[in-house]
Amino acid sequence: MSDVGVPSEGRAMGFWASLKEAMHGTERDLTALPVKRAIFLLAVPMVLEMVMESIFAVVDVFFVGRLGADAVATVGLTESLLTIIYAAAMGLSIGATAMVSRRIGEKDPERAARTAVQAIGLGVMLAIPISAAGVIFARPLMALMGGSPWVLEHGVRYTQVMLGGMASVFLLFLINAIFRGAGDAAIAMRVLWLANAINIVLAPMLIFGVGPFPELGVMGAAVATTFGRTCGVLYQLYRLARGSGRLQIRREHVRLEAGTMLSMLKLSGAGTAQALVNTTSWVMLARIVATFGSAAVAGYTIAMRIVLFALLPSWGLANAAATLVGQSLGAQDPARGERAVWTAGRINAVFLGSLGLLFVLFADPLVGTFSTDAAVVDHASHALRIISGGFLFYAFGMVLTQSFNGAGDTATPTFINIFCFWLLELPLAWVLSGPAGMGPSGVFLALSVAFSMVAIISAILFRRGAWKLRKV
């Protein structure tokens, strides 16, 4: 719809009405709305969901930073381990979003509900053994990652709690992916708001022993995070059973279907491999940085948390595009999905490009809020400037790769990741940081180059259009 001839007051009222609808949760058929309006209704809650997740990403480091570089290094090395586990949850989430969004686009909510149950069942079956292994092997894993003696003596308890709480991570990822695939982005937003608000309140109390709470140090951050996520999962299950959105799971849906689970495993297998390639490269980068000491690891951790603060809201736009692609293919309208992707990419470029410029200009004061250690601040500011310099590329790369996934074409971004992260990023990081003498800055530069290549290759392959023929 055009705004020509509409008074500015009317446009303003229309904007606020749309914002209210997006925040409350729209009941409209997203496949029948104008593309920009559908993106807006989906992207607003998805972006706000990711804003809260990005705040969560920096909260722990903000408080743990008061405990010293070794405590921050504990968080950073543990997060590097967790990214491998997140890959499995992300892979299942990719499959769940693709299948649920396709069923919703086909106007088949019953089948969408049964698909959601299979995803949740798979998540539980994977999470239990991973959690048990994580608790048992936390210390040798941290030693393998190059943790300092302090980390292995005091920080390992943080690692045990975080790894032991993997069930909440799997279900939080999966069920929110189900909500997003169905178009119920506002519910997913409220889930993360609840989980992260609890963490933000509890973290400083448990880290420093405020009031009646025990002083747990760095482990307190893990306890607060795990408790907040568990509360979020309970709220998710309540909303699925209540059925106030597009999906309602009733008793007759709660049974395992081997065929559906197998289809989801095949789809999610490539998604998991895709995420695993990405996340293992993060682990290896952290391992390379660890050879330069705890100050370098702490600086890397702080910089990456700030970068996540910027990138996570952009994932909201990417997820909105993925949902619209899946629903558009289900509605037999792939051209609409393509328009949604390029529109979301342009919006993301404006947002991330502006934020990247601010990070380049104000890196020192930004990282200075997390640490007063001069060496840590120096490493973090270098990392932030180098990585944020490529934000314009990341903006399109994020939207494009998620859109492949939304179409059920998980193989294409997997091969892109293998080339860009394993065959390009890791060797380049080693060469630049070691033989080329750049130190940790070489790792940061390699990361920026790799993500820029993801964007370029994704754009070329997306334009070819093979994703439009995917069946899920």
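What is the accessible surface of the chain, and what share belongs to carbon and sulfur atoms? The accessible surface comes to about 18600 Å², and 69% of that area belongs to carbon and sulfur atoms. Accessible areas come from the Shrake-Rupley method with a 1.4 Å probe, and for residues only the protein chains shown count as cover.

This is a predicted model, in which local features need pLDDT of at least 70 and side-chain atom pairs count only at pLDDT 80 or more, while totals for chains, interfaces and linings use all residues. Residues are numbered from 1 along each chain as its sequence is written, and side-chain values use heavy atoms, with hydrogens and water left out.

**Figure 1. The whole chain.** The chain has 17 helices and zero strands; helices (H or I, at least four residues) and strands (E, at least two) are DSSP runs, numbered from the N terminus. The radius of gyration is 22 Å, close to the 23 Å that the globule rule gives for 472 residues, so the chain is as compact as a globular protein of that length. This radius is taken over C-alpha atoms, and the rule is 2.2 Å times the number of residues to the power 0.38. Along the principal axes, the C-alpha atoms fill a box of roughly 60 × 45 × 45 Å. Of the 472 residues, 58% are buried (buried means under 20% relative accessible area, exposed over 50%, partly exposed in between, with a 1.4 Å probe and protein chains only).

Figure 2. The average pLDDT, the predictor's confidence in each residue from 0 to 100, is 87 for the chain, and 96% of the residues score at least 70. Over residues 1-7 the pLDDT is below 50, and this stretch has two contacts in the model beyond near neighbours in sequence. A contact means heavy atoms within 4.5 Å. Where pLDDT is low, the predicted coordinates should not be read in detail.

**Figure 3. Phe359 in helix H12.** Phe359 belongs to helix H12 (residues 334-361). This residue counts as buried because its relative accessibility is 7%. Leaving out residues up to four places away in sequence, Phe359 touches Ile306, Ala310, Leu366, Leu384, Arg385, Ser388 and Phe391. One of these, Ser388, is 29 residues from Phe359 in sequence, with 6.6 Å between the two C-alpha atoms.

**Figure 4. Gln327 in helix H11.** Helix H11 (residues 294-330) contains Gln327. With a relative accessible area of 2%, Gln327 is buried. Its contacts, not counting residues up to four places away in sequence, include Leu30, Thr31, Ser101, Ile104 and Gly181.

**Figure 5. Two loop residues with positive phi.** Lys107 sits in the loop between helix H3 (69-105) and helix H4 (109-136). Although Lys107 is not a glycine, its phi is positive, at about 60°. Lys107 is partly exposed, at 49% relative accessibility. Gln332 is located in the loop between H11 and H12. Gln332 is not a glycine either, and has a positive phi of about 60°. At 63% relative accessibility, Gln332 counts as exposed.

**Figure 6. His154 and Gly217.** His154 is part of helix H6 (residues 149-164). The relative accessible area of His154 is 34%, so this residue is partly exposed. Gly217 is 63 residues from His154 along the chain, and their C-alpha atoms are separated by 9.1 Å.
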